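Begin with the chain as a whole, then follow the account to one group of side chains on its surface.

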Amino acid sequence: MADVPAGRLPKPQMRGLLISHLKKHSAIALVFAMGVTLAYKFAVADPRKRNYEEFYKNYDVKREFEAMKEAGVFHSARPSWESSDD
């Protein structure tokens with residue numbers, strides 16, 4: 001019994017326990033949410049925006065349309081190798 005400190009135990013908090021826990025845990029949750037948001041922004045959103053900008057910098061719509069038309073993707077635009085008589 002020599003290891004047990006002598007003295008009284010602190011009184012338990014009987015009122016306002018939920019409020020005190022909510023203050024602490026809501027602050028932790030807010031910091032965690034902000035950290036996850038910033039991590040997502042810098043790890044996912046910004047690189048995705050850069051990739052889109054880089055793709056559309058050299059994107060030629062007319063060339064893509066012609067390539068898809070020649071591949072036979074469209075029903076209304078016939079490829080040059082298909083005969084035009086029905």
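In this predicted model, buried residues account for 5% of the 86 residues in the chain. The secondary structure consists of two helices and zero strands.

An unreviewed UniProt entry lists residues 25-43 as "transmembrane region". In the model this span is 100% helix and 0% strand, with its end C-alpha atoms 26 Å apart.

A nonpolar patch on the surface is formed by Tyr-52, Phe-55, Tyr-56, Tyr-59 and Val-61, which together have about 560 Å² of accessible area. Helix α1, residues 17-57, contributes the largest share of this patch, with three residues. Phe-55 is in helix α1, and its relative accessibility of 46% makes it partly exposed.

Aromatic contacts can be followed from there. The whole structure has four aromatic pairs. In the pair of Phe-55 and Tyr-56, the ring centres are 5.0 Å apart and the planes lie at 80 degrees, so the arrangement is edge-to-face. The rings of Tyr-56 and Tyr-59 are also edge-to-face, because their planes are at 80 degrees; their centres are 5.5 Å apart. Through these ring pairs Phe-55, Tyr-56 and Tyr-59 are linked into a cluster.

Tyr-59, at 33%, is partly exposed.

Note on methods
Residues are numbered from 1 along each chain as its sequence is written. This is a predicted model: local features need pLDDT of at least 70, side-chain atom pairs count only at pLDDT 80 or more; totals for chains, interfaces and linings use all residues. Side-chain values use heavy atoms; hydrogens and water are left out. UniProt positions are given in the numbering used here, feature names are shortened, and annotations may be inferred rather than shown by experiment. Helices (H or I, at least four residues) and strands (E, at least two) are DSSP runs, numbered from the N terminus. Buried means under 20% relative accessible area, exposed over 50%, partly exposed in between (1.4 Å probe, protein chains only). Patches are made of residues with over 30% relative accessible area and no salt bridge: like charges are joined within 9 Å, nonpolar side chains (Val, Leu, Ile, Met, Phe, Trp, Tyr) within 5 Å. Accessible areas come from the Shrake-Rupley method with a 1.4 Å probe; for residues, only the protein chains shown count as cover. A salt bridge is a side-chain nitrogen of Lys or Arg within 4 Å of a carboxyl oxygen of Asp or Glu. Rings of Phe, Tyr and Trp (its six-membered ring) pair if their centres lie within 6.5 Å; planes under 30 degrees apart count as stacked, over 60 as edge-to-face and the rest as tilted.
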